[in-house]
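Here are my notes on the model. Please read them with the structure open.

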Amino acid sequence: MNYFLAIAAQWRTSYRTFLNTGPLCNQFGGPIFFTVWLVAGILTLVFLFGVDHGLLEFDKGIAEIGAEDFAAFYRGGQLALNGAAATAYDPVVFAELFSHENKGLLFLNPPNAFLFFEPLANLPYAVARGIIIVLNLSAILGLVYILRLKLGGAPYVFTLCSCGSYFSFSVLQISPVITFLVIYALIHHQRRPVLSALALAIATIKPQLGVLIPFFLISARSWTTLTYATVSTLFLFVLSVAFYGFIVWTAFFVSLVDGPHAVQFEDMIASMIGIRHSLSIFGASGATMLLFQLLVTLCCSVLVWYSVRNFPEKQALPIVVFLMCIAAPSFLLYDWLLLSSAMLLALGVQSRWSALLQILAGMLLLAPYIQALLRLKGNDAMILFSLFVPFLMISVCWLYMRELSSKEHVTLDANEAPLRRSSLSRNEVFSTQ
(Lines give C-alpha, C1' and ligand atoms only; values in the text may rest on other atoms or scores of the structure.)
Protein backbone atom coordinates (compact mmCIF):
# COMPACT_ATOMS: atom_id res chain seq x y z
CA MET A 1 0.00 0.00 0.00
CA ASN A 2 2.83 2.37 0.91
CA TYR A 3 4.41 1.60 -2.46
CA PHE A 4 1.34 2.81 -4.34
CA LEU A 5 1.04 5.87 -2.11
CA ALA A 6 4.67 6.73 -2.84
CA ILE A 7 4.05 6.40 -6.60
CA ALA A 8 0.95 8.58 -6.33
CA ALA A 9 2.88 11.22 -4.38
CA GLN A 10 5.69 11.18 -6.93
CA TRP A 11 3.21 11.53 -9.80
CA ARG A 12 1.49 14.41 -8.04
CA THR A 13 4.79 16.19 -7.47
CA SER A 14 5.83 15.67 -11.09
CA TYR A 15 2.49 16.92 -12.37
CA ARG A 16 2.67 20.05 -10.21
CA THR A 17 6.19 20.71 -11.44
CA PHE A 18 4.99 20.28 -15.02
CA LEU A 19 2.13 22.70 -14.44
CA ASN A 20 4.44 25.31 -12.94
CA THR A 21 7.32 25.01 -15.38
CA GLY A 22 5.96 23.38 -18.51
CA PRO A 23 6.07 25.83 -21.43
CA LEU A 24 2.66 24.77 -22.71
CA CYS A 25 1.03 25.49 -19.34
CA ASN A 26 2.63 28.90 -19.13
CA GLN A 27 1.53 29.76 -22.66
CA PHE A 28 -1.94 28.24 -22.47
CA GLY A 29 -3.62 30.44 -19.91
CA GLY A 30 -1.86 28.99 -16.90
CA PRO A 31 -1.86 25.77 -14.87
CA ILE A 32 -5.46 26.06 -13.68
CA PHE A 33 -6.94 26.65 -17.12
CA PHE A 34 -4.64 24.06 -18.67
CA THR A 35 -5.80 21.44 -16.15
CA VAL A 36 -9.46 22.26 -16.81
CA TRP A 37 -8.78 22.03 -20.54
CA LEU A 38 -7.38 18.50 -20.03
CA VAL A 39 -10.49 17.55 -18.06
CA ALA A 40 -12.73 19.00 -20.76
CA GLY A 41 -10.82 17.06 -23.43
CA ILE A 42 -11.29 13.84 -21.49
CA LEU A 43 -15.02 14.57 -21.12
CA THR A 44 -15.24 15.16 -24.86
CA LEU A 45 -13.72 11.74 -25.52
CA VAL A 46 -16.06 10.14 -22.97
CA PHE A 47 -19.11 11.73 -24.61
CA LEU A 48 -17.80 10.98 -28.10
CA PHE A 49 -17.18 7.29 -27.56
CA GLY A 50 -19.69 6.71 -24.76
CA VAL A 51 -22.76 8.06 -26.54
CA ASP A 52 -23.89 6.86 -29.94
CA HIS A 53 -24.96 9.92 -31.94
CA GLY A 54 -25.17 8.12 -35.27
CA LEU A 55 -22.67 10.49 -36.85
CA LEU A 56 -21.28 7.76 -39.09
CA GLU A 57 -24.68 6.37 -40.14
CA PHE A 58 -24.51 6.93 -43.89
CA ASP A 59 -27.05 4.25 -44.77
CA LYS A 60 -30.12 6.24 -43.71
CA GLY A 61 -32.14 8.89 -45.49
CA ILE A 62 -33.85 11.94 -44.07
CA ALA A 63 -36.88 9.87 -43.00
CA GLU A 64 -34.81 7.33 -41.04
CA ILE A 65 -31.91 9.32 -39.59
CA GLY A 66 -31.86 9.92 -35.83
CA ALA A 67 -31.94 13.30 -34.13
CA GLU A 68 -29.73 15.77 -36.01
CA ASP A 69 -30.16 19.36 -37.14
CA PHE A 70 -28.78 18.83 -40.62
CA ALA A 71 -32.09 17.17 -41.47
CA ALA A 72 -33.69 20.64 -41.15
CA PHE A 73 -31.19 22.24 -43.53
CA TYR A 74 -31.57 19.42 -46.06
CA ARG A 75 -35.38 19.52 -45.79
CA GLY A 76 -35.33 23.28 -46.42
CA GLY A 77 -33.20 22.66 -49.50
CA GLN A 78 -35.66 20.00 -50.68
CA LEU A 79 -38.62 22.36 -50.43
CA ALA A 80 -36.69 25.08 -52.25
CA LEU A 81 -35.74 22.58 -54.95
CA ASN A 82 -39.42 21.66 -55.36
CA GLY A 83 -40.46 25.29 -55.71
CA ALA A 84 -42.07 25.44 -52.24
CA ALA A 85 -39.44 27.27 -50.21
CA ALA A 86 -42.04 29.35 -48.33
CA THR A 87 -43.60 26.21 -46.83
CA ALA A 88 -40.37 25.60 -44.90
CA TYR A 89 -41.76 28.10 -42.37
CA ASP A 90 -44.90 25.98 -41.95
CA PRO A 91 -44.00 23.52 -39.15
CA VAL A 92 -46.55 20.93 -40.27
CA VAL A 93 -45.42 20.79 -43.89
CA PHE A 94 -41.78 21.07 -42.92
CA ALA A 95 -41.85 18.05 -40.58
CA GLU A 96 -43.75 15.71 -42.90
CA LEU A 97 -40.74 13.62 -43.99
CA PHE A 98 -38.87 13.55 -40.69
CA SER A 99 -38.28 10.58 -38.44
CA HIS A 100 -39.94 10.60 -35.03
CA GLU A 101 -36.76 11.99 -33.39
CA ASN A 102 -36.75 15.02 -35.71
CA LYS A 103 -40.43 15.96 -35.64
CA GLY A 104 -39.66 18.96 -33.45
CA LEU A 105 -37.20 20.54 -35.89
CA LEU A 106 -38.03 24.00 -37.26
CA PHE A 107 -36.56 25.96 -40.14
CA LEU A 108 -35.24 29.14 -38.53
CA ASN A 109 -32.80 30.42 -41.14
CA PRO A 110 -33.58 33.42 -43.37
CA PRO A 111 -34.46 32.72 -47.03
CA ASN A 112 -30.97 33.47 -48.36
CA ALA A 113 -29.95 30.18 -46.70
CA PHE A 114 -31.90 28.29 -49.39
CA LEU A 115 -29.25 29.36 -51.89
CA PHE A 116 -26.77 27.16 -50.04
CA PHE A 117 -29.05 24.35 -48.89
CA GLU A 118 -30.73 23.71 -52.25
CA PRO A 119 -27.52 22.44 -53.93
CA LEU A 120 -27.12 19.94 -51.07
CA ALA A 121 -30.68 18.72 -51.62
CA ASN A 122 -29.69 17.67 -55.14
CA LEU A 123 -27.48 15.03 -53.54
CA PRO A 124 -28.46 11.91 -51.60
CA TYR A 125 -28.84 12.65 -47.90
CA ALA A 126 -25.82 10.53 -46.93
CA VAL A 127 -23.56 12.35 -49.41
CA ALA A 128 -24.83 15.79 -48.34
CA ARG A 129 -24.24 15.11 -44.63
CA GLY A 130 -20.79 13.75 -45.47
CA ILE A 131 -19.98 17.06 -47.14
CA ILE A 132 -21.15 18.97 -44.06
CA ILE A 133 -18.98 16.80 -41.79
CA VAL A 134 -15.92 17.55 -43.94
CA LEU A 135 -16.78 21.27 -44.07
CA ASN A 136 -17.17 21.42 -40.29
CA LEU A 137 -13.87 19.65 -39.69
CA SER A 138 -12.11 21.90 -42.21
CA ALA A 139 -13.65 24.99 -40.60
CA ILE A 140 -12.41 24.00 -37.12
CA LEU A 141 -8.87 23.40 -38.37
CA GLY A 142 -8.98 26.54 -40.51
CA LEU A 143 -10.20 28.57 -37.53
CA VAL A 144 -7.11 27.68 -35.50
CA TYR A 145 -4.85 28.19 -38.51
CA ILE A 146 -5.91 31.79 -39.13
CA LEU A 147 -5.32 32.70 -35.47
CA ARG A 148 -1.55 32.03 -35.84
CA LEU A 149 -1.03 31.32 -32.13
CA LYS A 150 2.43 29.73 -32.48
CA LEU A 151 1.65 27.10 -29.84
CA GLY A 152 2.20 24.07 -32.02
CA GLY A 153 -0.62 21.56 -32.20
CA ALA A 154 -2.12 22.40 -28.79
CA PRO A 155 -4.69 24.94 -30.08
CA TYR A 156 -5.85 22.42 -32.67
CA VAL A 157 -6.36 19.79 -29.98
CA PHE A 158 -8.05 22.36 -27.73
CA THR A 159 -10.53 23.32 -30.43
CA LEU A 160 -11.22 19.81 -31.73
CA CYS A 161 -11.81 18.62 -28.16
CA SER A 162 -13.91 21.62 -27.19
CA CYS A 163 -17.54 21.19 -26.29
CA GLY A 164 -18.53 23.43 -29.20
CA SER A 165 -16.95 21.04 -31.68
CA TYR A 166 -18.43 18.02 -29.93
CA PHE A 167 -21.99 19.33 -29.80
CA SER A 168 -21.75 20.61 -33.39
CA PHE A 169 -20.92 17.11 -34.60
CA SER A 170 -23.31 15.36 -32.22
CA VAL A 171 -26.30 17.16 -33.74
CA LEU A 172 -24.58 17.91 -37.08
CA GLN A 173 -24.93 21.68 -36.95
CA ILE A 174 -23.19 24.22 -39.21
CA SER A 175 -21.89 26.40 -36.36
CA PRO A 176 -18.19 25.59 -37.08
CA VAL A 177 -18.54 26.98 -40.62
CA ILE A 178 -20.33 30.13 -39.41
CA THR A 179 -17.78 30.63 -36.62
CA PHE A 180 -14.89 30.34 -39.07
CA LEU A 181 -16.47 32.89 -41.42
CA VAL A 182 -17.11 35.37 -38.61
CA ILE A 183 -13.65 35.09 -37.05
CA TYR A 184 -11.99 35.29 -40.47
CA ALA A 185 -13.84 38.53 -41.19
CA LEU A 186 -13.05 40.04 -37.79
CA ILE A 187 -9.33 39.36 -38.23
CA HIS A 188 -8.99 40.33 -41.90
CA HIS A 189 -11.58 43.10 -42.27
CA GLN A 190 -8.91 45.68 -43.13
CA ARG A 191 -6.40 43.65 -45.11
CA ARG A 192 -8.91 41.60 -47.10
CA PRO A 193 -12.15 43.60 -47.18
CA VAL A 194 -13.74 41.77 -50.13
CA LEU A 195 -13.20 38.27 -48.74
CA SER A 196 -14.22 39.42 -45.26
CA ALA A 197 -17.40 40.97 -46.66
CA LEU A 198 -18.27 37.79 -48.55
CA ALA A 199 -17.67 35.75 -45.39
CA LEU A 200 -20.02 38.00 -43.42
CA ALA A 201 -22.67 37.89 -46.15
CA ILE A 202 -22.66 34.08 -46.10
CA ALA A 203 -22.72 34.07 -42.29
CA THR A 204 -26.07 35.92 -42.39
CA ILE A 205 -27.73 32.54 -42.95
CA LYS A 206 -27.30 32.28 -39.16
CA PRO A 207 -27.58 35.96 -38.22
CA GLN A 208 -28.09 35.69 -34.46
CA LEU A 209 -24.38 35.21 -33.81
CA GLY A 210 -23.37 38.36 -35.67
CA VAL A 211 -25.69 41.08 -34.38
CA LEU A 212 -22.72 43.13 -33.11
CA ILE A 213 -20.58 42.89 -36.24
CA PRO A 214 -21.94 46.10 -37.85
CA PHE A 215 -21.10 47.97 -34.64
CA PHE A 216 -17.60 46.50 -34.70
CA LEU A 217 -16.99 47.57 -38.31
CA ILE A 218 -18.30 51.07 -37.59
CA SER A 219 -16.19 51.35 -34.44
CA ALA A 220 -13.10 50.21 -36.36
CA ARG A 221 -13.97 52.58 -39.24
CA SER A 222 -13.78 49.66 -41.60
CA TRP A 223 -15.97 51.37 -44.17
CA THR A 224 -14.80 49.32 -47.15
CA THR A 225 -15.67 46.00 -45.53
CA LEU A 226 -18.96 47.37 -44.23
CA THR A 227 -19.90 48.59 -47.71
CA TYR A 228 -18.94 45.37 -49.44
CA ALA A 229 -20.71 43.29 -46.78
CA THR A 230 -23.90 45.34 -47.16
CA VAL A 231 -23.82 45.04 -50.95
CA SER A 232 -23.08 41.30 -50.78
CA THR A 233 -25.93 40.71 -48.34
CA LEU A 234 -28.32 42.71 -50.53
CA PHE A 235 -27.15 40.66 -53.50
CA LEU A 236 -28.04 37.43 -51.67
CA PHE A 237 -31.42 38.94 -50.82
CA VAL A 238 -32.11 39.83 -54.47
CA LEU A 239 -30.89 36.43 -55.59
CA SER A 240 -33.22 34.67 -53.14
CA VAL A 241 -36.16 36.75 -54.38
CA ALA A 242 -35.25 35.95 -57.98
CA PHE A 243 -35.12 32.21 -57.29
CA TYR A 244 -37.93 31.75 -54.77
CA GLY A 245 -40.11 34.85 -55.04
CA PHE A 246 -40.76 37.60 -52.52
CA ILE A 247 -43.35 35.36 -50.87
CA VAL A 248 -40.58 33.43 -49.15
CA TRP A 249 -39.46 36.58 -47.34
CA THR A 250 -43.06 37.35 -46.43
CA ALA A 251 -43.35 33.88 -44.89
CA PHE A 252 -40.08 34.42 -43.03
CA PHE A 253 -41.18 37.74 -41.49
CA VAL A 254 -44.56 36.25 -40.56
CA SER A 255 -42.72 33.43 -38.77
CA LEU A 256 -40.90 36.04 -36.68
CA VAL A 257 -44.21 37.35 -35.35
CA ASP A 258 -46.44 34.29 -35.29
CA GLY A 259 -44.55 31.21 -36.35
CA PRO A 260 -41.50 29.01 -35.67
CA HIS A 261 -39.28 31.92 -34.64
CA ALA A 262 -41.85 33.25 -32.17
CA VAL A 263 -42.28 29.76 -30.72
CA GLN A 264 -38.56 29.28 -30.20
CA PHE A 265 -38.15 32.78 -28.78
CA GLU A 266 -40.81 32.30 -26.11
CA ASP A 267 -40.27 28.61 -25.27
CA MET A 268 -37.76 27.43 -22.68
CA ILE A 269 -35.23 25.18 -24.39
CA ALA A 270 -33.13 23.15 -22.00
CA SER A 271 -29.89 23.57 -23.95
CA MET A 272 -30.39 27.30 -24.61
CA ILE A 273 -28.02 29.85 -23.05
CA GLY A 274 -28.67 33.57 -22.95
CA ILE A 275 -30.01 36.57 -21.06
CA ARG A 276 -33.37 36.32 -22.80
CA HIS A 277 -33.60 32.63 -21.94
CA SER A 278 -32.82 33.42 -18.31
CA LEU A 279 -35.77 35.82 -18.22
CA SER A 280 -38.07 33.16 -19.66
CA ILE A 281 -37.24 30.96 -16.65
CA PHE A 282 -38.90 33.58 -14.46
CA GLY A 283 -41.98 33.64 -16.68
CA ALA A 284 -41.36 36.98 -18.38
CA SER A 285 -43.61 37.84 -21.30
CA GLY A 286 -42.40 37.80 -24.89
CA ALA A 287 -42.53 41.61 -25.06
CA THR A 288 -40.46 41.94 -21.87
CA MET A 289 -37.86 39.45 -23.14
CA LEU A 290 -37.63 41.25 -26.49
CA LEU A 291 -37.19 44.65 -24.81
CA PHE A 292 -34.52 43.31 -22.47
CA GLN A 293 -32.73 41.60 -25.37
CA LEU A 294 -32.62 44.92 -27.22
CA LEU A 295 -31.20 46.64 -24.12
CA VAL A 296 -28.52 43.96 -23.74
CA THR A 297 -27.61 44.33 -27.42
CA LEU A 298 -27.36 48.10 -27.01
CA CYS A 299 -25.11 47.77 -23.95
CA CYS A 300 -22.90 45.25 -25.73
CA SER A 301 -22.70 47.58 -28.74
CA VAL A 302 -21.43 50.38 -26.53
CA LEU A 303 -18.82 48.04 -25.03
CA VAL A 304 -17.73 47.00 -28.53
CA TRP A 305 -17.19 50.66 -29.42
CA TYR A 306 -15.32 51.28 -26.16
CA SER A 307 -13.08 48.22 -26.62
CA VAL A 308 -12.17 48.95 -30.23
CA ARG A 309 -11.48 52.63 -29.48
CA ASN A 310 -9.46 52.06 -26.30
CA PHE A 311 -7.47 48.88 -26.93
CA PRO A 312 -5.34 47.66 -29.84
CA GLU A 313 -7.53 45.62 -32.12
CA LYS A 314 -5.71 42.38 -31.30
CA GLN A 315 -6.61 42.91 -27.64
CA ALA A 316 -10.14 44.10 -28.36
CA LEU A 317 -11.16 41.14 -30.53
CA PRO A 318 -11.58 38.65 -27.65
CA ILE A 319 -13.87 41.17 -25.94
CA VAL A 320 -15.88 41.63 -29.13
CA VAL A 321 -16.35 37.88 -29.58
CA PHE A 322 -17.33 37.41 -25.92
CA LEU A 323 -19.87 40.21 -26.30
CA MET A 324 -21.24 38.58 -29.46
CA CYS A 325 -22.00 35.48 -27.41
CA ILE A 326 -23.65 37.52 -24.66
CA ALA A 327 -25.78 39.55 -27.09
CA ALA A 328 -26.88 36.60 -29.23
CA PRO A 329 -30.66 36.15 -28.95
CA SER A 330 -30.18 32.42 -29.55
CA PHE A 331 -27.11 30.62 -28.20
CA LEU A 332 -27.03 26.85 -27.79
CA LEU A 333 -24.41 24.31 -26.78
CA TYR A 334 -23.19 23.83 -30.36
CA ASP A 335 -22.48 27.58 -30.57
CA TRP A 336 -19.85 27.22 -27.83
CA LEU A 337 -17.16 27.13 -30.52
CA LEU A 338 -17.52 30.91 -30.71
CA LEU A 339 -16.61 31.12 -27.01
CA SER A 340 -13.65 28.81 -27.60
CA SER A 341 -12.54 31.23 -30.33
CA ALA A 342 -12.72 34.12 -27.86
CA MET A 343 -10.49 32.19 -25.46
CA LEU A 344 -7.98 31.38 -28.20
CA LEU A 345 -7.93 35.05 -29.25
CA ALA A 346 -7.31 35.98 -25.61
CA LEU A 347 -4.41 33.50 -25.47
CA GLY A 348 -2.88 35.34 -28.42
CA VAL A 349 -2.89 38.51 -26.32
CA GLN A 350 -1.73 37.16 -22.96
CA SER A 351 -0.31 33.67 -22.68
CA ARG A 352 -0.83 33.43 -18.93
CA TRP A 353 -3.94 34.76 -17.25
CA SER A 354 -4.62 35.73 -13.67
CA ALA A 355 -5.73 32.92 -11.37
CA LEU A 356 -9.30 34.27 -11.19
CA LEU A 357 -9.59 34.55 -14.96
CA GLN A 358 -8.28 30.99 -15.32
CA ILE A 359 -10.90 29.73 -12.87
CA LEU A 360 -13.83 31.58 -14.48
CA ALA A 361 -12.77 30.67 -18.03
CA GLY A 362 -12.32 27.07 -16.93
CA MET A 363 -15.82 27.03 -15.44
CA LEU A 364 -17.15 28.42 -18.71
CA LEU A 365 -15.28 25.70 -20.58
CA LEU A 366 -16.92 22.98 -18.47
CA ALA A 367 -20.40 24.52 -18.32
CA PRO A 368 -21.88 22.65 -21.33
CA TYR A 369 -20.69 19.31 -19.99
CA ILE A 370 -22.19 20.04 -16.59
CA GLN A 371 -25.44 21.05 -18.25
CA ALA A 372 -25.46 17.89 -20.38
CA LEU A 373 -24.85 15.73 -17.30
CA LEU A 374 -27.68 17.51 -15.48
CA ARG A 375 -29.96 16.22 -18.21
CA LEU A 376 -29.88 12.93 -16.29
CA LYS A 377 -31.88 14.73 -13.61
CA GLY A 378 -34.33 16.14 -16.15
CA ASN A 379 -34.79 19.29 -18.19
CA ASP A 380 -35.62 21.39 -15.13
CA ALA A 381 -32.11 20.95 -13.73
CA MET A 382 -30.59 21.91 -17.10
CA ILE A 383 -32.77 24.99 -17.37
CA LEU A 384 -31.92 26.19 -13.86
CA PHE A 385 -28.20 25.75 -14.51
CA SER A 386 -28.48 27.68 -17.79
CA LEU A 387 -29.64 30.68 -15.71
CA PHE A 388 -26.13 30.87 -14.22
CA VAL A 389 -24.10 30.60 -17.44
CA PRO A 390 -24.76 34.05 -19.02
CA PHE A 391 -23.50 35.73 -15.86
CA LEU A 392 -20.39 33.55 -16.05
CA MET A 393 -19.85 34.80 -19.63
CA ILE A 394 -20.24 38.40 -18.46
CA SER A 395 -17.80 37.80 -15.58
CA VAL A 396 -15.11 36.40 -17.87
CA CYS A 397 -15.52 39.26 -20.33
CA TRP A 398 -15.49 41.91 -17.58
CA LEU A 399 -12.41 40.45 -15.90
CA TYR A 400 -10.54 40.27 -19.21
CA MET A 401 -11.38 43.93 -19.90
CA ARG A 402 -10.29 44.88 -16.39
CA GLU A 403 -6.94 43.18 -16.81
CA LEU A 404 -6.38 44.92 -20.14
CA SER A 405 -7.18 48.26 -18.55
CA SER A 406 -4.89 47.69 -15.57
CA LYS A 407 -2.01 46.51 -17.82
CA GLU A 408 -1.12 44.15 -14.95
CA HIS A 409 -1.19 41.04 -17.13
CA VAL A 410 -0.78 42.56 -20.58
CA THR A 411 2.20 44.40 -22.00
CA LEU A 412 1.36 46.73 -24.88
CA ASP A 413 3.69 46.19 -27.81
CA ALA A 414 5.37 49.24 -29.29
CA ASN A 415 3.75 48.71 -32.66
CA GLU A 416 0.23 48.29 -31.27
CA ALA A 417 -1.95 51.09 -29.98
CA PRO A 418 -5.65 51.85 -29.76
CA LEU A 419 -7.19 53.57 -32.77
CA ARG A 420 -7.89 56.75 -30.86
CA ARG A 421 -4.23 57.10 -29.83
CA SER A 422 -2.48 56.17 -33.03
CA SER A 423 -2.61 56.69 -36.76
CA LEU A 424 -1.08 53.23 -37.29
CA SER A 425 -2.80 51.29 -40.03
CA ARG A 426 -5.06 48.58 -38.65
CA ASN A 427 -3.54 46.27 -41.28
CA GLU A 428 -0.52 45.91 -39.05
CA VAL A 429 -2.40 44.73 -35.98
CA PHE A 430 -2.00 41.02 -36.75
CA SER A 431 1.34 41.32 -38.57
CA THR A 432 3.25 40.18 -35.49
CA GLN A 433 1.45 36.85 -35.28
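Leaving aside its neighbours within four places in sequence, which residues is S307 in contact with?

1. S307 is in contact with A316, I319 and M401, once its neighbours within four places in sequence are set aside. Contact here means heavy atoms within 4.5 Å.

2. A word on the basis. This is a predicted model, where local features need pLDDT of at least 70, side-chain atom pairs count only at pLDDT 80 or more, and totals for chains, interfaces and linings use all residues. Residues are numbered from 1 along each chain as its sequence is written, and side-chain values use heavy atoms, with hydrogens and water left out.

3. S307 sits in helix α17, residues 286-310 (helices are DSSP runs of H or I, at least four residues, numbered from the N terminus). S307 is buried, at 0% relative accessible area. Buried means under 20% relative accessible area, with a 1.4 Å probe and protein chains only. A polar atom of the S307 side chain lies 2.8 Å from the backbone oxygen of L303.

4. F216 belongs to helix α12, residues 213-219. Its relative accessible area is 1%, so F216 counts as buried. Beyond neighbours within four places in sequence, F216 is in contact with L186, H189, V304, V308, E313, L317 and V320. F216 and V302 are 86 residues apart in sequence, yet 9.8 Å apart in space, C-alpha to C-alpha.

5. Now the cysteines. The structure holds zero disulfides (a disulfide is a pair of cysteine sulfur atoms within 2.5 Å). C397 is in no disulfide: the nearest cysteine sulfur, that of C300, is 7.7 Å away. C397 is buried, at 3% relative accessible area. C163 is buried too, at 1% relative accessibility.

Methods:
Buried means under 20% relative accessible area, exposed over 50%, partly exposed in between (1.4 Å probe, protein chains only). Helices (H or I, at least four residues) and strands (E, at least two) are DSSP runs, numbered from the N terminus. A polar contact is a pair of N or O atoms within 3.5 Å; within protein, one must be able to donate a hydrogen and the other to accept it, and residues adjacent in sequence count only if both atoms are side-chain atoms.
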